[in-house]
Amino acid sequence: MDASSTPTARADSYSFVPLGTPPTVVGGEGNHLILADGRRILDGAGGAIVNNIGYGRPEIAAAASSVLTGAAYVLPTWATDARLSLIERLTDRWLPSGLTRGILVAGGSESVDSAMRIARQHHIAKGNQDKWKILGRQISYHGATLASLAVANHDRRREPFGQLLLDMAKIDVFEADAAIKTIEAEDPSTVAAIIGEPVIGASGAAISPADDYWTKLRQYCSENDILLIVDEVMTGVGRTGVKFGIEHWGVAPDILVGSKGLGGGYAPIGGVFATEAVVAPMTDRVMYFTFSGSDVTCAIADTVLQILEDEKLVDRCSEMGAMLMSKLKSRLGNHPHVVDIRGKGLLIGIELTKDRDTGASFNGMLTNAVVEEAMTHDTWIYPAGCSAVPDALLYGPSFTVTEAELEQLVDVTAASLDSALNRMV
Ligand SMILES: Cc1ncc(COP(=O)(O)O)c(C=O)c1O
């Protein structure tokens, strides 16, 4: 074999910017990824909080192949059985009530971009030309396109692109009164929508707001003709132990965006779902992406939802989440470098610090070191955080995770945290 075709050399050249050799994955089985060197990695984060039914499900391959042998590509504005079945299953059985309209896209950023355009189109159609601002939140991530970066506040990811991003105000993530104060300062008659993650994922490592946050914001939005968009790209499709995260607060959004778990990691798919009241005034089509709602992704997503239903995996997510939370708290709750362990269902975060008393931070370096150490123990944990939450780990395993696998996650975290700290001081 010539040297340039060894697994390591091939993986080196896959990296667009040379940042070290990425793992080369050759297979997946249950809750493990299999690497080229034969190691089996316990996936403690479903990749990027995506996989929820485990790897290697034969039903998914069958659903995909049945579609691919027919009309492989159909214009996104045309109906197909796969598209209709998925939208019907979502609106009948999954989405919060009131969300009866949906369009499909190919990922989370696309769903956020589309929701922003829909909010603007809605207000223009009602004659509210002045309503154009879309306010995000102070700790948030909504995607990698310039529009989704602009409404989010993940400063590490936004940093190089400052001048390219529309300057949208950011509201408080903990207290509704503080959030409303910012909207008032922006002038609510210019605000088209606010967007927020029910439980903050990548940037905050599973932060929830005060109990009355979403209800108060809901009421304020209704009184001021502002659309409430919930970003359930990470929290949706059972991840927090209920079908969609906003259900924990009993609040009905105007628009909901979802992705990640909708395709269970088997298909790039996302969706934007809205109430009749959002859609009713609109007369123009919503712009589509060429690969919006491709049939194969719809058939796969429909099968993922079917598996979640048949195997009662949302309930299992809630149970296994409670188990992981309790194991993490009993092992690491008093650790001198752990600030908080929090989350809902199988979306659980650990916030880390350099010094609990002074609040000094390792600025993300501890996170990276722990994640690296964990990989040497064949375990993947997701690195989370932004400058407001400088060091944090995020757990989001498949809902099929076993108790023994949760034990491994906790053991590896504890060992990796200690060896990372030893390396850093
Ligand atoms: C809450 C949230 N919204 C949007 C996105 C963007 O999704 P994608 O990476 O599929 O474009 C992410 C990705 O992590 C996310 O966590």
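How many aromatic pairs does the structure hold? I looked this up before anything else, keeping in mind that the model is predicted. The structure holds two aromatic pairs.

**Entry: Y73 and F291**

I took the pair of Y73 and F291 to begin with. Their ring centres are 6.2 Å apart and their planes stand at 80°, so I noted the pair as edge-to-face. Then I checked where the partners sit. Y73 is in the loop between α3 (58-68) and α4 (81-94), while F291 is in the loop between α10 (276-279) and α11 (295-310), so this pair ties together parts that are 218 residues apart in sequence. Are these two residues buried or exposed? Y73 comes out as partly exposed, at a relative accessible area of 40%. F291 is exposed, at 57%.

**Entry: Y213 and W214**

On to the other pair. The rings of Y213 and W214 have centres 5.0 Å apart and planes at 85°, so this pair is edge-to-face as well. I also looked up their accessibility, and found that Y213 and W214 are both buried.

**Entry: R137**

Y213 and W214 turned up again when I listed the contacts of R137. Leaving out residues up to four places away in sequence, R137 touches V151, N153, K170, I171, D172, V173, I195, G196, E197, I200, Y213 and W214. R137 belongs to strand β5, which covers residues 133-137.

**Entry: charges over rings**

Next I searched for charged groups over aromatic faces. R157 lies over the face of Y141, 4.3 Å from the ring centre. K243 has its charged end over the ring of W94, at 5.8 Å from the centre.

**Entry: salt bridges**

A reminder to myself: side chains of opposite charge can pair when their charged atoms come close. How many salt bridges does a search of the whole structure find? The search gives 22, and I wrote up some of them.

R89 and D302 form one, with 2.6 Å between the closest N and O atoms. R89 is in helix α4 and D302 in helix α11, so to speak a link between distant parts of the chain, 213 residues apart. R89 is buried at a relative accessible area of 9%, and D302 is buried at 16%.

E403 and K327 meet in another salt bridge, at 3.1 Å from N to O. Here too distant parts of the chain are linked: E403 is in helix α14 (residues 403-424) and K327 in helix α12 (residues 313-332), 76 residues apart. How accessible are the two partners? E403 counts as partly exposed at 41% relative accessibility, whereas K327 counts as buried at 15%.

For R342 and E351, I found a salt bridge of 2.8 Å, N to O. R342 counts as buried at 12% relative accessibility, and E351 is buried with a relative accessible area of 15%.

Terms used:
Residues are numbered from 1 along each chain as its sequence is written. This is a predicted model: local features need pLDDT of at least 70, side-chain atom pairs count only at pLDDT 80 or more; totals for chains, interfaces and linings use all residues. Side-chain values use heavy atoms; hydrogens and water are left out. Helices (H or I, at least four residues) and strands (E, at least two) are DSSP runs, numbered from the N terminus. Contact means heavy atoms within 4.5 Å. Rings of Phe, Tyr and Trp (its six-membered ring) pair if their centres lie within 6.5 Å; planes under 30 degrees apart count as stacked, over 60 as edge-to-face and the rest as tilted. Buried means under 20% relative accessible area, exposed over 50%, partly exposed in between (1.4 Å probe, protein chains only). A charge sits over a ring if NZ of Lys or CZ of Arg is within 6 Å of the ring centre and within 35 degrees of the ring normal. A salt bridge is a side-chain nitrogen of Lys or Arg within 4 Å of a carboxyl oxygen of Asp or Glu.
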